[in-house]
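Please keep the viewer open as you read.

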Amino acid sequence: LSLVHPGDLLEFHRAGPPSYCHWGVYVGRQECGGVVTPCLVHRANPADSNLGLSNSSSLRKGEVGIGDVVMEPLAGVWGDSRVRVNNSMDRSLEPLLACVVVSRAMAAIPAHGQHSLQYQYNVVTNNCEHFASWCRNDWAISKQVARVAGQVVQLVVGVTTFKARPVIMLGMLFVEGAKRITQVRKSDKK
């Protein structure tokens with residue numbers, strides 16, 4: 001825990017199936033459930049069941065809103081997953097000040113009993129990695145989504161001849177992502 005600082009992005013490797021990485025923003029020691037403990041703000045994944053990897057909302061559907069931004073004790077989110085500090089986007093995008101990163105993450109948590117409409121979950125355009133990178137670098141980017149999109153394009157190219165339809169679909173995916181980024185940036189300015 002001495003290697004992690006408030007504002008750092010944490011990447012949790014979930015074994016699955018399917019395997020994936022879950023992301024959150026470390027916000028330091030906060031009061032959570034009446035106890036002051038190291039905490040993480042993250043988007044709760046819409047997983048169908050708790051696979052025994054942790055007791056976190058990131059693996060429970062329906063107990064918090066699907067994809068809602070929540071704050072939880074770091075130990076609960078961590079569970080049995082491998083975790084690392086991953087601020088790799090800092091090499092290409094200037095990170096915000098740590099206090100701003102933490103403030104953005106905390107401000108995204110909906111009031112008790114509410115679900116965030118501004119930050120609605122979408123696996124392609126607004127997932128936990130998008131949220132974490134927006135908090136730290138002001139851009140909602142998911143390298144996982146980009147990697148999968150690239151694999152899909154390679155598969156389409158490898159299986160069939162390159163036709164207009166896949167290009168149009170991929171273009172629509174990127175346009176939708178750009179719209180989401182624009183919406184978040186506009187809402188930040190208000």
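Which residues line the largest cavity? Before we get there, a word on the model: it is predicted, so local features need pLDDT of at least 70 and side-chain atom pairs count only at pLDDT 80 or more, while totals for chains, interfaces and linings use all residues. Residues are numbered from 1 along each chain as its sequence is written, and side-chain values use heavy atoms, with hydrogens and water left out.

Now to the cavity. The lining of the largest cavity consists of L9, W23, N86, N87, S88, M89, E129, A132, S133, N137, I141 and K143. A cavity here is a set of points, on a 1 Å grid over the protein atoms alone, where a 1.4 Å probe fits but cannot get out, and lining residues have an atom within 4 Å of a point. The space in the largest cavity comes to about 80 Å³, where volume is the space filled by probe spheres set on the points, and grid points are joined across faces, edges and corners. In total, the structure has 3 cavities of 30 Å³ or more. Helix 3 (residues 128–137) contributes the most to the lining of the largest cavity, with 4 residues. By type, that lining splits into 5 nonpolar, 5 polar and 2 charged residues; Ala, Val, Leu, Ile, Met, Phe, Trp, Tyr, Cys and Pro count as nonpolar, Asp, Glu, Lys and Arg as charged, and the others, Gly among them, as polar.

Stepping back, the chain has 5 helices and 5 strands, arranged from the N terminus on as β-β-β-β-α-β-α-α-α-α. These are DSSP runs numbered from the N terminus: helices are H or I with at least four residues, strands E with at least two. Of its 190 residues, 41% are buried, meaning under 20% relative accessible area, with exposed over 50% and partly exposed in between (1.4 Å probe, protein chains only).

Finally, look at D138, in the loop between helix 3 and helix 4 (143–159). Most residues other than glycine have a negative phi. The phi of D138, however, is positive, near 70 degrees. At 21% relative accessibility, D138 counts as partly exposed.

How values were computed: 1 Å grid on protein atoms, 1.4 Å probe; cavity = no way out; pocket = protein on both sides within 12 Å on 5 of 7 lines; lining within 4 Å.
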